[in-house]
Amino acid sequence: MADRVSASIMIGGALDASAFAELAELIAAERLAVEWDGDPFEPEHRIDGEPLRLFAHEVAGGRFEEIEDWCIMHRVPFVRWCGGYSGQWGPERVVATGDGKAVSYAVTEDDEVVISRSAITAVGSLDAIFAHFDTAEFVVPALVVADAGAAAPALPSTDGAHHVQ
């Protein structure tokens with residue numbers, strides 16, 4: 001049996017209705033809830049103007065593998081946290097900004113980003129250390145679902161431009 005821990009995920013970005021339906025099916029298959037020990041997710045739980053926040057206990061490997069892989073493939077931003085499993089792995093935050101890849105960061109059980117002495121040595125400067133924290137603390141945008149016939153809404157970006165996901 002796989003090692004299991006508590007985990008949560010925040011998903012954002014712009015999706016059309018059919019992509020959201022696909023994502024909702026993956027979420028239902030994982031039996032994720034809208035809060036710790038809360039009601040199972042239903043598509044109507046999505047709140048306009050907010051990212052989708054989902055939670056579960058007893059998550060194999062601390063990862064929502066199919067959901068995360070789907071998000072990476074579709075360039076949908078997310079941040080996933082999982083608790084550590086003694087002797088196997090420490091708590092982690094995985095950040096996917098929508099660029100097609102995900103990066104793992106060491107965190108505490110309270111989801112506070114930490115950095116090891118060896119990582120400090122590797123990055124080499126105080127500015128690089130702060131950049132590490134900045135990228136680890138990515139803020140997931142709201143999850144916007146466009147009607148199937150409508151154009152996808154533009155999302156603000158850090159460069160001031162608007163991008164369609």
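Tutor: A pocket here is an open set of grid points with protein on both sides within 12 Å along at least five of seven lines. Keep in mind that this model is predicted.

Student: How much space lies in the second largest pocket?

Tutor: About 150 Å³. Its lining has 14 residues, and those closest to the centre are Ser-8, Met-10, Val-79, Trp-81 and Asp-111.

Student: Which strands each supply at least two residues of that lining?

Tutor: Strand 1 (4–11), strand 3 (52–60) and strand 4 (78–82) do. By residue class, the lining divides into eight nonpolar, five charged and one polar.

Student: Let's turn to helix 1. How far apart are its end C-alpha atoms?

Tutor: They are 20 Å apart, which agrees with the 20 Å that the 14 residues of helix 1 (residues 17–30) should span at 1.5 Å a residue.

Student: Which residues of helix 1 are buried?

Tutor: Start with the general idea: an α-helix has 3.6 residues a turn, so residues three or four places apart point the same way. In helix 1, the buried residues are Ala-19, Phe-20, Leu-23, Ala-24, Leu-26 and Ile-27. Because they cover an arc of only 160° around the axis, they sit on the same side of helix 1.

Student: What do the buried residues of helix 1 pack against?

Tutor: Their partners are strand 1, strand 2 (13–16), strand 3, helix 2 (65–73) and strand 7 (143–146).

Student: And which exposed residues does the face turned away from the buried side carry?

Tutor: That face of helix 1 carries Glu-25 and Ala-29. Look also just after helix 1, where Arg-31 takes a positive phi of about 60°.

Technical notes
Residues are numbered from 1 along each chain as its sequence is written. This is a predicted model: local features need pLDDT of at least 70, side-chain atom pairs count only at pLDDT 80 or more; totals for chains, interfaces and linings use all residues. Side-chain values use heavy atoms; hydrogens and water are left out. On a 1 Å grid over the protein atoms alone, a cavity is a set of points where a 1.4 Å probe fits but cannot get out, and a pocket is an open set with protein on both sides within 12 Å along at least five of seven lines; lining residues have an atom within 4 Å of a point. Grid points are joined across faces, edges and corners, and a volume is the space filled by probe spheres set on the points. Helices (H or I, at least four residues) and strands (E, at least two) are DSSP runs, numbered from the N terminus. Ala, Val, Leu, Ile, Met, Phe, Trp, Tyr, Cys and Pro count as nonpolar, Asp, Glu, Lys and Arg as charged, and the others, Gly among them, as polar. The expected span of a helix is 1.5 Å times one less than its number of residues. Buried means under 20% relative accessible area, exposed over 50%, partly exposed in between (1.4 Å probe, protein chains only). The arc is that of the directions from the helix axis to the C-beta atoms. Contact means heavy atoms within 4.5 Å.
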